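Please open the model in your viewer and keep the sequence panel beside it.

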Amino acid sequence: MKHGLKYTVDRRQFLRLSALAASGSIILACGPQPEAPAAGGDDMGMAEDGVVDVYVWPSIALVRPEGSDPEKYKEVQDYITEQLGIRPNGFVPPPGAAGRERLNLMLSSQTEQLDMFTGDWTQYKAAIMPITDLLEEHGQNILTAFPEATWSGMKDANGDIWGIPRLGLMGHTWNFTWFREDWINDLGLPFDSEQMTIDQLEGNMAAFQEANPDAVLVTNNLGSLEGCLLGAWSEYGRSRWYDESDGQIKPYQLQPGYEAFLTKMNEWWNNGWFHKEVFANMDFEEVLRSGNMGIHCGWYSRMTILGQRIFLEDVIPGMDFIFPLKMVGPMGLAGTNNANMTQAYMIPANSPVAKEVIQFVNWQYDPVRDNAVTAHYGIQGTDWDWVDETKEQVRRFDAEAGAAIYAGELYQGAGLAIETWSAPEDPLWGRHYDHIKKYVFDYSNGKMPVDFDVPYDGAAIAEQVPSMEDINRLNSEEAIKFITGVRPLSEFGDFVDSLYRAGLQDWIDAYTSQYVAAKGL
């Protein structure tokens with residue numbers, strides 16, 4: 001479909017798809033705000049000075065929540081306008097759920113213009129436009145920045161591209177098991193940075209508790225625990241799987257080995273290895289500061305950001321954590337690669353400046369790298385510069401408390417491509433970005449989901465499975481009961497029966513039909 005065609009959006013349909021709460025209007029937070037023009041008319045997007053205005057929702061948490069210093073913001077805006085003849089306008093969203101609600105109000109508005117935002121494109125398909133032709137004509141930097149595996153998540157069954165990847169297939173997130181490094185060294189325990197076994201994990205945890213009876217294993221939620229370890233006892237790990245016996249896609253809870261995983265986790269719970277509040281509202285930083293965390297199975301940034309901050313403070317002298325690239329168990333790799341394929345930068349269907357939006361984003365994806373950092377941190381030479389000619393590290397000049405800064409409202413390059421280019425020269429953030437650069441496209445340490453390249457239509461599935469929330473709740477609540485011993489594992493079969501009573505077959509049918517169509521089975 002050509003980008004010159006006009007689109008219309010059914011307001012009620014959009015509100016249903018985005019689950020917008022019909023509450024009163026919410027104003028934007030403080031900070032420099034663009035004046036979004038009224039929607040409609042042939043001159044939409046064109047200012048009186050002949051410059052095309054584009055309006056973009058922030059793609060990242062701003063460097064400062066309140067937004068940029070107005071003069072700093074205008075410096076960056078003017079610089080980009082001079083470069084492109086396109087004037088970008090950013091927003092400072094309210095925090096949390098209020099920000100998402102405000103975004104949805106703008107998207108469904110007939111009086112405000114918004115030209116780019118982020119989310120799951122399958123959930124917004126009725127309200128956005130395909131951008132295949134736009135990318136081919138104006139987005140060559142964008143197209144070459146991502147591997148083909150990532151682009152597969154942006155395409156529908158006809159091959160049309162609906163967004164620019166925000167995430168994609170990630171190898172760096174939850175499939176690492178972190179061990180207390182100083183304890184490993186002090187106790188002379190085995191550690192191999194390339195590969196370790198579940199048996200070695202158990203041996204190390206037992207030794208940790210023998211040396212420190214308060215030592216605990218921590219995860220940030222059930223999903224992260226499954227993402228790190230489930231593959232050790234199951235063929236597909238934390239992934240939907242294709243059951244060849246009946247030709248159906250099924251949830252990972254139904255694969256052979258899931259009960260064995262729960263059994264092992266229950267054994268660890270009974271050993272006293274898990275922190276007792278690990279599935280409740282455990283304060284990760286408080287536990288880390290206690291000095292009792294021995295193993296962490298969970299989201300990488302818990303260590304690369306939260307942990308690194310505590311390590312730099314030297315709260316517990318010598319404390320740090322390391323991980324093996326691979327954990328393996330009876331069924332092979334314990335981890336599962338995280339397929340978040342449909343998170344995207346999208347252009348609303350009624351945007352009058354779609355071409356200019358792609359040109360603006362393509363400018364940020366210039367492989368010279370200067371433009372992306374400018375959109376993120378400000379003016380080169382004034383707000384930041386490269387540490388050396390390799391352009392591997394960025395040195396910021398305005399990071400001290402109270403400085404007048406540009407906060408990043410115009411940055412539309414957050415994601416797996418640009419985030420692998422360089423890292424801030426900062427002992428805190430440097431570790432985080434180094435981790436991303438090394439592992440984001442390394443899929444060797446986790447099992448590959450069988451349907452990672454199938455962009456499911458989430459809105460269609462939601463319609464076919466009205467009991468989705470009940471199914472998800474059962475999966476989460478009952479698994480935790482099995483692990484903690486509240487429910488005996490002898491009732492696992494009853495748990496599966498309850499899933500079917502809750503509508504699991506509808507779930508299976510919905511996913512199977514789309515999987516079969518995508519794979520041509």
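Predicted model: local features only at pLDDT ≥ 70, side-chain atom pairs only at ≥ 80, totals over all residues.

Residues are numbered from 1 along each chain as its sequence is written, and side-chain values use heavy atoms, with hydrogens and water left out.

Of the 521 residues, 57% count as buried, where buried means under 20% relative accessible area, exposed over 50% and partly exposed in between (1.4 Å probe, protein chains only).

Next, select Leu 225, Leu 229, Phe 261, Leu 262, Met 265, Trp 268 and Trp 507, the residues with the most contacts inside the largest nonpolar core, which has 60 residues. Such a core is a set of buried Ala, Val, Leu, Ile, Met, Phe, Trp, Tyr and Cys residues joined through side-chain atoms within 4.5 Å. Among the elements that give two or more residues to this core are helix H9 (222–229), helix H10 (258–270), strand E11 (293–297) and helix H19 (504–519).

Which residues are in contact with Met 265, leaving aside its neighbours within four places in sequence? They are Leu 225, Leu 229, Trp 233, Phe 274 and Ile 483, with contact taken as heavy atoms within 4.5 Å. Apart from this core lies another, of 53 residues, including Ile 128, Met 129, Tyr 345 and Leu 410.

Now turn to the aromatic rings. Rings of Phe, Tyr and Trp (its six-membered ring) pair if their centres lie within 6.5 Å, and planes under 30 degrees apart count as stacked, over 60 as edge-to-face and the rest as tilted; by this rule there are 34 aromatic pairs.

Select Tyr 79 and Trp 363, whose ring centres are 6.5 Å apart with planes at 55°, so the pair is tilted. Because Tyr 79 lies in helix H2 (residues 70–84) and Trp 363 in helix H13 (residues 354–364), the pair ties together parts that are 284 residues apart in sequence. Tyr 79 is partly exposed, at 29% relative accessible area, whereas Trp 363 is buried, at 9%.

Finally, select Phe 482 and Phe 495, whose ring centres are 5.8 Å apart with planes at 80°, so this pair is edge-to-face. Phe 482 is in helix H17 and Phe 495 in helix H18. Both residues belong to one aromatic cluster, together with Trp 233, Tyr 252, Tyr 258, Phe 261 and Phe 492.

Technical notes. Helix = DSSP H or I, 4+ residues; strand = E, 2+ residues; numbered from the N terminus.
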